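Please look over the structure shown here with attention to its ligand site, its nonpolar cores and its backbone geometry. A briefing accompanies it.

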Amino acid sequence: MKVYNTLSKKKEEFVPLEEGKVKMYVCGPTVYNYIHIGNARPMIVFDTVRRYLEYKGFDVNFVSNFTDVDDKIIKKAQEEGTSAEEVSKRFIAECKKDMAGMNVKPATKHPLATEEIDGMIEMIQKLIDDGYAYVKNGTVYFRARRFKEYGKLSHKNLDDLQSGGRALLVTGEDEKEDSLDFVLWKPKKEGEPAWESPWCEGRPGWHIECSVMSKKYLGDQIDIHAGGEDLVFPHHENEIAQSEAANGKEFSKYWMHNAFLNIDNHKMSKSLGNFRTVREISEQYDLQVLRFFMLSAHYRSPLNFSAELMEASKNGLERIVTAVGNLKHLLGTAQTETLREEEKELLEKTKAYVAGFEAAMEDDFNTADAIASIFELVKFANTTANAESSKEYLQSLQELIVKLSDVLGLIVDKEEEILAEDIEALIAERQAARKEKNFRRADEIRSELLEKGIILEDTREGVKWRRA
Ligand code: AMP
Ligand code: ZN
């Protein structure tokens with residue numbers, strides 16, 4: 001399996017640190033609002049990476065944080081006259097609802113920055129003790145040039161960075177020894193959440209959060225660290241500097257970054273008024289359509305969100321769902337049970353589609369080509385399955401389409417099982433209709449249930465039902 005590694009700027013063969021296991025950390029959102037569809041891209045992409053690794057038999061320990069203390073959260077809380085904690089709690093709950101709608105699996109662990117402050121203080125103290133960090137008026141800075149490999153992820157030249165950095169210095173940061181240095185801990189301002197520390201009452205910088213949470217839940221070394229490409233610099237570069245300086249080991253073997261999502265060929269931004277939340281999209285589309293849309297491009301290619309592409313995604317997903325529905329329908333009426341000789345040969349042929357799917361995913365998770373393989377399989381099913389097919393053949397095709405789609409997190413088996421209590425209620429309604437000699441309604445109910453695969457039998461003991 002090949003994975004593109006931002007560190008080497010190459011596709012590399014994936015070799016886990018420990019056989020059969022993968023430790024993966026994905027930087028999660030800052031929770032001050034509903035997540036937007038740009039945030040949804042890394043969620044869907046790296047959930048799919050996880051699912052494929054699991055399909056390959058790896059035991060994946062997947063950690064993804066919520067940044068629940070940050071300027072934007074504090075600002076929102078002040079605007080609303082509430083606490084930062086209330087704001088972040090609310091939007092974590094909303095984010096989890098959106099994730100469920102997109103069929104993004106919950107992480108093995110979703111740590112919260114505010115619950116990991118002790119670990120952050122400990123790591124910062126170690127960095128100070130080892131000369132990698134220094135304190136100025138209560139603020140702790142990381143001494144970037146002290147870490148010899150600073151710049152190795154973003155492939156940046158430190159002198160260029162330094163001249164750029166000087167121009168960008170924020171008020172109060174002119175006390176830094178070097179403009180490349182970044183904040184590990186900062187003093188509180190009036191009305192802000194704060195924690196006691198050896199340096200001042202204050203709060204952590206953003207980068208130290210991930211270094212600490214990754215260490216605590218996955219250990220000093222991990223296999224994959226991931227996020228959107230805007231995180232390469234400075235966030236991930238700084239995470240590497242902190243973790244490798246503190247732990248003395250290579251932090252992550254593979255660094256994966258998704259490209260950005262634009263809207264109608266523009267950068268998504270509040271000022272352009274083209275900002276869309278996942279919640280807004282869910283009012284118009286099943287979020288499975290959004291997932292399909294995200295996976296219809298390679299994760300390292302920029303992706304443009306447009307009404308046309310969403311419609312195309314809706315149709316694409318529908319094509320798979322319909323094929324599965326047809327197979328189930330045929331299954332309900334199939335006359336023979338076991339595979340015939342020619343069906344055995346046909347099933348052999350489906351192996352080529354599975355191989356195509358896997359080859360696409362092995363090539364740095366090319367989900368666009370993987371979807372193309374599912375489409376080929378769907379076409380094959382549509383042309384070879386018919387009323388003469390055996391149950392075993394139909395079932396095998398159905399299971400295969402559902403299984404491959406599930407690796408992409410796409411739910412294509414739509415037929416919801418009607419609940420027993422709903423069936424009983426309809427039967428009671430049918431009995432009442434018959435009593436009133438409303439045979440039309442009674443027949444309607446019988447066919448309605450039949451459509452859902454429920455067969456009614458009128459017996460002397462009353463009406464009995466069974467699933468087809
Ligand atoms: P944030 O809450 O800004 O830290 O973002 C959470 C995640 O969403 C990060 O991995 C970002 O890189 C990613 N992200 C933000 N905006 C976009 C976008 N427009 N397209 C793709 N990824 C994005
Ligand atoms: Zn992070």
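The points below are grouped by topic, after a short note on conventions.

This is a predicted model, in which local features need pLDDT of at least 70 and side-chain atom pairs count only at pLDDT 80 or more, while totals for chains, interfaces and linings use all residues. Residues are numbered from 1 along each chain as its sequence is written, chains are lettered from A and ligands numbered from 1 in the order in which they are written, and side-chain values use heavy atoms, with hydrogens and water left out.

**Ligand site**

- Around ligand 1 there are 14 residues, of which Thr30, Gly38, Gly228, Asp230 and Leu261 come nearest, a residue being near when one of its heavy atoms lies within 4 Å of the molecule.
- Polar contacts are pairs of N or O atoms within 3.5 Å; a polar backbone atom of threonine 30 is 3.0 Å from an oxygen atom of ligand 1, and a backbone N or O atom of glycine 38 lies 3.1 Å from a nitrogen atom of the ligand.
- For glycine 228, a backbone N or O atom lies 2.9 Å from an oxygen atom of ligand 1.
- The protein buries 88% of the 480 Å² that ligand 1 exposes when taken alone, with areas computed by the Shrake-Rupley method with a 1.4 Å probe.
- Helix H1 (37-55) and strand E9 (222-228) each supply at least two residues of the shell, and the largest share, three residues, comes from H1; helices (H or I, at least four residues) and strands (E, at least two) are DSSP runs numbered from the N terminus.
- By class, the shell has six nonpolar, seven polar and one charged residues, where Ala, Val, Leu, Ile, Met, Phe, Trp, Tyr, Cys and Pro count as nonpolar, Asp, Glu, Lys and Arg as charged, and the others, Gly among them, as polar.

**Nonpolar cores**

- A nonpolar core is a set of buried Ala, Val, Leu, Ile, Met, Phe, Trp, Tyr and Cys residues joined through side-chain atoms within 4.5 Å, and buried means under 20% relative accessible area, exposed over 50%, and partly exposed in between (1.4 Å probe, protein chains only).
- The largest such core has 92 residues, and those with the most contacts inside it are Met24, Ile37, Leu53, Met102 and Leu290.
- Leucine 290 touches Ile37, Ile44, Met102, Val278, Ile281, Phe305 and Met310, not counting residues up to four places away in sequence, contact meaning heavy atoms within 4.5 Å.
- A second, separate core of 43 residues includes Val69, Ile124, Leu218 and Trp255.

**Individual positions**

- Serine 313, in helix H10 (residues 307-333), counts as buried because its relative accessibility is 3%, and beyond its neighbours within four places in sequence it is in contact with Val289, Phe292 and Phe293.
- Lysine 414 sits in the loop between helix H13 (391-407) and H14 and is partly exposed, with a relative accessible area of 35%.

**Backbone geometry**

- Phenylalanine 233 and proline 234 are joined by a cis peptide bond with omega of about 5 degrees, and proline 234 has its place in helix H7 (residues 232-247).
- Asparagine 103, in the loop between helix H3 (84-101) and helix H4 (117-129), has a positive phi of about 60 degrees although it is not a glycine.
- Phenylalanine 365, in the loop between helix H11 (341-362) and helix H12 (367-384), has a positive phi near 55 degrees and counts as buried at 3% relative accessibility.

Notes:
A polar contact is a pair of N or O atoms within 3.5 Å; within protein, one must be able to donate a hydrogen and the other to accept it, and residues adjacent in sequence count only if both atoms are side-chain atoms.
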